[in-house]
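I opened the notebook to record what I looked up here, one topic at a time.

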Amino acid sequence: MYIKRERYLAKIRPFYGVDLIKVLTGVRRCGKSILLEQIEEEFLINGFNKDHIIRVNFEDLSFEKIRTADKLNKYIQKQIKDEEKYLIFLDEIQHVSGFEKVLASFRATLNCDIFITGSNSKLLSGKLATLLVGRCVEFKIMPFSFAESYEYVTTIGRQTSPDEFMMDYINWGGFPLRFSFKKESDVKRYLDQTYKGILDKDIITDRSRINRQNFEKVASYIMANAGKEFSSSNIETFFEKQNEEVLDKKTIYRYLDKMEKACLVDRVKRFNIVGKQAMSYIEKQYAVDTGFRMINTNLVNFEDTFFLENIIYNELVSRDYEVFTGKTYKGEIDFVVINGRKKCFIQVAYYLATKETIEREFGAFKPISDAAPKYVLSLDRFDYSRNGIAHLNIVDFPHPDGPTIHINSPSSRSNE
């Protein structure tokens with residue numbers, strides 16, 4: 001059983017039949033293959049000839065021997081019987097060496113519409129970008145959002161309210177297959193094995209020359225501290241306290257880059273609100289899914305907001321917004337959200353339980369004279385909106401029928 005991932009389908013549909021290679025990137029097991037099936041189903045409903053659909057999943061043993069551009073080219077050419085249009089779906093294309101060349105050849109010589117997936121955030125960099133500049137369009141696919149997760153659990157018959165389910169989602173995230181398990185120990189086991197499988201297949205390979213023990217410790221630290229300010233010196237200090245071998249800065253950032261390429265984390269820059277520009281250095285990382293953060297911490301600390309920040313960050317990214325952390329001359333703003341020339345500001349809290357908390361969260365916006373919308377998001381059901389700053393409930397925020405954020409053009413005032 002599956003749900004229709006309408007958020008992504010709505011983005012991809014305008015490119016059906018367009019002479020561009022559709023590239024779906026995202027972490028393993030986030031649902032890219034099912035999304036390809038849903039795209040195929042839409043073509044069939046609209047009358048596309050089933051005999052003109054070619055699908056190759058490179059993680060299927062049936063296609064294990066197709067690992068080079070030449071072999072893939074021969075296989076696809078053999079499937080084509082006439083001059084009519086074909087649909088070509090290539091799942092986990094990164095397993096084929098030199099796949100960039102064969103994609104360029106298909107696009108140049110065949111009457112086809114090509115959809116590919118890959119578990120590498122840099123799939124469109126390097127050779128593929130050079131060979132197919134202006135001929136690809138990328139869609140970043142995430143694990144289930146809160147709204148998708150809640151839709152799925154209710155579809156399979158679980159009785160739970162959105163507020164109750166939010167606690168489950170904070171802990172265990174939205175990897176689709178994890179909802180097959182009811183016991184937390186089974187969910188944890190599945191997520192742990194999925195996480196380690198990503199390390200084995202996409203990072204710590206025979207050719208990577210990565211020290212597994214060191215990498216796992218660094219990766220675990222980065223996951224456990226997702227949403228917190230990052231610096232290599234913090235990791236060095238952590239290793240020193242554990243009486244472990246201290247890694248140099250270059251190695252730490254190389255490991256971080258590997259995690260980003262495997263779609264395990266997003267590296268988020270800081271936005272200088274005074275200067276109205278993104279700073280060049282990396283400020284924070286957010287995990288692709290809070291389930292992976294959980295298995296590297298084993299505890300949700302409800303005194304901090306980092307799990308909730310992670311959920312809000314992933315929700316905003318799935319809406320195709322650019323997201324930064326914010327810096328004012330007095331402090332920080334959790335998120336600066338950009339859509340073209342428009343923006344808004346967001347603070348995230350668990351509960352606005354005390355006057356001090358309310359003052360801290362709403363007061364964070366005081367240094368900002370920009371008239372762009374400002375929001376405080378928390379789990380409170382009472383509406384604390386004040387002084388032109390809107391308060392939204394986090395459970396309702398990502399729901400299609402709930403409130404949404406508005407991103408307006410920046411004010412002409414410029415002195416924050």
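What volume does the second largest pocket have? I read about 680 Å³ for the second largest pocket; the model is a predicted one.

I then looked up the lining of this second pocket. It counts 30 residues, and Lys-140, Glu-260, Asp-266, Tyr-313 and Val-317 are those that lie nearest the centre. Strand S6 (265-272) is among the elements that give two or more residues to it, as is helix H13 (306-318). S6 supplies the largest share, 5 residues. By class I noted 15 nonpolar, 5 polar and 10 charged residues.

Next I turned to the largest pocket, with a volume of about 880 Å³. Its lining has 27 residues, with Gln-94, Asn-120, Lys-201, Asp-202 and Arg-207 nearest the centre. By class I found 6 nonpolar, 9 polar and 12 charged residues in this lining. H8 gives the largest share of it, 4 residues.

Last, I checked the cores. The largest nonpolar core has 93 residues, and Ile-39 is one of those with the most contacts inside it. Ile-39 touches Leu-9, Ile-12, Tyr-16, Leu-24, Phe-89 and Phe-115, not counting residues up to four places away in sequence. I also noted a second, separate core of 28 residues, including Ile-66 and Tyr-86.

Conventions: Residues numbered from 1 in each chain as written. Predicted model: local features only at pLDDT ≥ 70, side-chain atom pairs only at ≥ 80, totals over all residues. Heavy atoms only, no water. Core = buried A, V, L, I, M, F, W, Y, C linked by side-chain atoms within 4.5 Å. Buried < 20%, exposed > 50% of the residue type's maximum accessible area, 1.4 Å probe, protein only. Contact = heavy atoms within 4.5 Å. 1 Å grid on protein atoms, 1.4 Å probe; cavity = no way out; pocket = protein on both sides within 12 Å on 5 of 7 lines; lining within 4 Å. Points joined across faces, edges and corners; volume = space filled by probe spheres on them. Nonpolar A, V, L, I, M, F, W, Y, C, P; charged D, E, K, R; others polar.
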